[in-house]
Amino acid sequence: MPQTKHKFRITFCVTCGYRPRAVKLQAELEKSFSQVAELVQASGGLFEVEDGEMLLFSKQQEDRFPEDGEVLNIVSALEQGKTLEEARAHGKACIEKPPTFEEWFTKRLGGK
């Protein structure tokens, strides 16, 4: 199967201090897909990930940052022929869910 050509762009808010997140995601994308991921400085709280003209993830839409591996899962799902909506749902489903407070508290008490 031929490798898909990607044109990743990560737009991030400089004044909000999102650069480290953007650089980390850039490295993940470049390592996983052997494609250059462009970093674009912006303002206004932006953190968006695009592949060409396709918006893969938007902090403004989701009201959160992408979890580790989430964008990679979205891209992989798209490569498997899923729609963008299906790929985003797949990306969310594959991320590790944080424990509830009760689970966390019980674990901290040693299962008591």
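I began with the salt bridges and found five in the structure. The model is a predicted one.

I looked up Glu50 next. Its side chain meets that of Arg9 in a salt bridge, 3.0 Å from N to O. Glu50 lies in strand S3 (residues 47-51) and Arg9 in strand S1 (residues 8-13), so I noted the pair as a link between distant parts of the chain, 41 residues apart. Glu50 counts as buried, because its relative accessibility of 15% is under 20%.

I then turned to Arg64. Its side chain forms a salt bridge with Glu62 at 3.8 Å, N to O, and another with Glu70 at 2.8 Å, N to O. Arg64 is partly exposed at 22% relative accessible area, and Glu62 is partly exposed at 25%. Glu70 is buried, with a value of 2%. Through shared partners, salt bridges join Glu62, Arg64, Glu70 and Lys92 into one network.

I checked the helix packing. Helix H1 (residues 19-33) packs against helix H3 (residues 70-79) at an angle of about 35 degrees, and their axes are 10 Å apart. The crossing of H1 and H3 is right-handed. On H1 the contact is made by Leu25, Glu28, Leu29, Ser32 and Phe33; on H3 it is made by Val71, Leu72, Val75, Ser76 and Glu79. I sorted these residues by class and have six nonpolar, two polar and two charged.

Last, I looked at cysteines. How many disulfides does a search of the whole structure find? It finds zero. Cys13 is buried at 0% relative accessible area, whereas Cys16 is partly exposed at 37%.

Key
Residues numbered from 1 in each chain as written. Predicted model: local features only at pLDDT ≥ 70, side-chain atom pairs only at ≥ 80, totals over all residues. Heavy atoms only, no water. Axes fitted to C-alpha atoms, helices over the stretch in contact; angles between N-to-C directions. Helix = DSSP H or I, 4+ residues; strand = E, 2+ residues; numbered from the N terminus. Left-handed = near helix turned anticlockwise from the far one by under 90°. Contact = heavy atoms within 4.5 Å. Nonpolar A, V, L, I, M, F, W, Y, C, P; charged D, E, K, R; others polar. Disulfide = S-S within 2.5 Å. Buried < 20%, exposed > 50% of the residue type's maximum accessible area, 1.4 Å probe, protein only. Salt bridge = Lys/Arg side-chain N within 4 Å of Asp/Glu carboxyl O.
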